[in-house]
Amino acid sequence: MAERLGLLGGTFDPPHVGHLFMAYTALEELGLEHVVLIPAREQPLKAGRTTAGAEHRLAMTRLLAGADRRLSVDPIELERGGLSYSIDTVRAYRAARPTAQLVFLMGEDTAATLPKWREPGALASLARLVVLTRGEASGGAPAWPADVTVERVATRRIDVSATEVRARVRAGLPLRGFVPDAVADYIAAHDLYRTTTE
Ligand code: ATP
């Protein structure tokens, strides 16, 4: 049977338990063998808005994946110059793994922006696009391009975002439970997010 591989891109600024549960849900509900976390160098729709440097986001994403053999981290978008277009990443995966079933994973907020992405139709032809919806909060499917099929899989609601984690650091609040302890320790050791404004 073809390898089933989930691809989860994000800014991971910082990575948090919402990302972990998203990956776990995908592994269990979609019967994936593996999920690859892919930090973006510069997400086109969030250009200029990442806070921590690429090397910190990569290190923290590796800490989030930890020793879980079902998860890995690929710096492919950090190594590529310029804006990080998902279509370039999925093409690279398709070329390297011609027979694998590639499952491109998105949260609802990300999926809502799909019509603005580069070549969404090509993306949908190379990978299954799956939106992990959060609880009952779904406002229905947005108007995706006609050549794009997006599946929806319900996931447990984990009400944590990187925006909130950064705000907690600025406010001097503890991060326990929001991010794995290793990520919290990394943020403290490198003094990330404390003095940034947004
Ligand atoms: P920010 O708050 O800075 O916008 P974020 O928490 O949404 O960041 P990203 O790294 O941009 O994190 O997200 C990567 C992917 O994970 C996106 O597809 C996003 O929709 C999804 N995601 C983030 N947080 C959650 C969560 N709590 N539950 C489910 N999906 C999530």
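Visitor: What does the side chain of His 56 make a polar contact with?
Guide: In this predicted model, the side chain of His 56 makes a polar contact with the side chain of Tyr 186 at 2.7 Å; a polar contact here is a pair of N or O atoms within 3.5 Å, where within protein one must be able to donate a hydrogen and the other to accept it, and residues adjacent in sequence count only if both atoms are side-chain atoms.

Visitor: And is His 56 buried or exposed?
Guide: His 56 counts as buried, at 16% relative accessibility, where buried means under 20% relative accessible area, exposed over 50% and partly exposed in between, with a 1.4 Å probe and protein chains only. His 56 sits in helix α2, residues 54-65, helices being DSSP runs of H or I with at least four residues and strands runs of E with at least two, numbered from the N terminus.

Visitor: Before I go on, what are the ground rules for the numbers?
Guide: Residues are numbered from 1 along each chain as its sequence is written, and side-chain values use heavy atoms, with hydrogens and water left out. Because the model is predicted, local features need pLDDT of at least 70 and side-chain atom pairs count only at pLDDT 80 or more, whereas totals for chains, interfaces and linings use all residues.

Visitor: Switching to the ligand, which residues come nearest?
Guide: Of the 20 residues around the ligand, those that come nearest are Lys 46, Asp 109, Ile 158, Ala 162 and Thr 163, with a residue counted as near if one of its heavy atoms lies within 4 Å.

Visitor: What lies by the oxygen and nitrogen atoms of the ligand?
Guide: A polar backbone atom of Ile 158 is 2.7 Å from a nitrogen atom of the ligand, while a polar side-chain atom of His 19 lies 3.0 Å from an oxygen atom of the ligand. A polar backbone atom of Phe 12 is also 3.0 Å from an oxygen atom of the ligand.

Visitor: How much of the ligand does the protein bury?
Guide: The protein buries 92% of the 600 Å² that the ligand exposes when taken alone, with areas from the Shrake-Rupley method and a 1.4 Å probe.

Visitor: Where is His 16 found?
Guide: His 16 is found in the loop between β1 and α1, and is buried, with a relative accessible area of 6%. The side chain of His 16 reaches the backbone nitrogen of Ala 162 at 3.3 Å.
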